[in-house]
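Biologist: I would like to learn how to read the features of a model like this one. Please show it to me.

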Amino acid sequence: MKKVIIGLFAVLFTLLTVAAIGGYWGYQTLLAYGETPVKLTESKELDIKRGTNFNQFISALESEQLIEEGWKLKWLVRIKPELARIRSGLYDVNPNDTVNTLLAKIVSGKEKSFGVTLLEGQTVKEWQEVLKQQPRLTIGEDVFAQILRENGDDSGLPEGKFFPDTYHYIAGSSEKALLNKSYLKMQLELDKAWQGRQEGLPLKSAYELLILASIIEKETGKASERPWIAAVFVNRLRKGMRLQTDPTVIYGMGDRYNGNITRKDLRETTAFNTYRINGLPPTPIAAPSLAAIQAAAHPADVDYFYFVSRNDGSHVFSKTLNEHNRAVNKYQRNR
């Protein structure tokens, strides 16, 4: 009888040992599975719809051929249940992702980010075309004017009131949310510039500062010249001289502009033709950069009234009309 009992204990011990070894092997196998690279040679988008459960998620990974042996993933999340808390959204899957890093990305909700750059010196119309080309961005109707109204601006004049910058968004984001950030940033920067402006500027409001900054932006080819260009326009405003700047003429021409300005265009009276009107045009002519806004608020202390392009992005600045005409003859008429 004693031998039988000893034999049973030996068999039981052997079974428990085998089970323990098998369990340890299985545990290590699942951990190793988590470090398995996804099967990709280039990045790929993975769209997880709202309401997707974990089994459906595994099926999606298998159908996209990102993983094999999905059953192991079901067992892996039993060991690490936190990995099962997936979030909906659009995710970037990269060739260097493992099963673990992919799950961590999705559990944390680290969705794919898109970026759109709204350039300084461009108009609302040009920005609209850029935004239409952006992937996975929801586009609305008359969004610029909507944002103005919702922020208490009933002018219906959005030009120049949105800050040029690179904005990031996730799939399904609205154009309106993106542009609202741009609007608020411009109002913040414009207010700071207006409050800290140089004393004695011939400007009545922050909006006039914005208009001037937009002209500076369009006239500047060399960043270091912005304060000098600002000074020319400020000096002209102080003297009651017309600004006589081509970018305002071009803006007033609208879609008629084909790359050239004729004498007839310069003589045409439009609200924006600063060869024909006194003072500033009624609205900005583009989105000014922060540097242009700061130049308008702090023009250089110089007594120039004229400038002409050297055709390399830089300008020759002059105090008198005679000096200016000589520079025009040298750099423009004799080209």
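Biologist: In which helix does Arg263 lie?

Modeller: Arg263 lies in helix H11, residues 263–267; helices are DSSP runs of H or I with at least four residues, and strands are runs of E with at least two, numbered from the N terminus. This is a predicted model, where local features need pLDDT of at least 70, side-chain atom pairs count only at pLDDT 80 or more, and totals for chains, interfaces and linings use all residues. Residues are numbered from 1 along each chain as its sequence is written, and side-chain values use heavy atoms, leaving out hydrogens and water.

Biologist: Is Arg263 buried or exposed?

Modeller: Buried means under 20% relative accessible area, exposed over 50%, and partly exposed in between (1.4 Å probe, protein chains only). Arg263 has a relative accessible area of 69%, so it is exposed.

Biologist: How should I read a salt bridge, and how many does a search of the whole structure find?

Modeller: Side chains of opposite charge can pair when their charged atoms come close. The cut-off is a side-chain nitrogen of Lys or Arg within 4 Å of a carboxyl oxygen of Asp or Glu. The search finds 16 salt bridges.

Biologist: Which residue forms a salt bridge with Glu150?

Modeller: Lys176 does, with the closest N and O atoms 2.5 Å apart. Because Glu150 lies in helix H6 (residues 143–150) and Lys176 in helix H7, the pair ties together parts 26 residues apart in sequence. Glu150 is exposed at 53%, whereas Lys176 is partly exposed at 28%.

Biologist: What about Lys161 and Asp153?

Modeller: They also form a salt bridge, the closest N and O atoms being 2.8 Å apart. Lys161 is buried at 7%, and Asp153 is buried at 15%.
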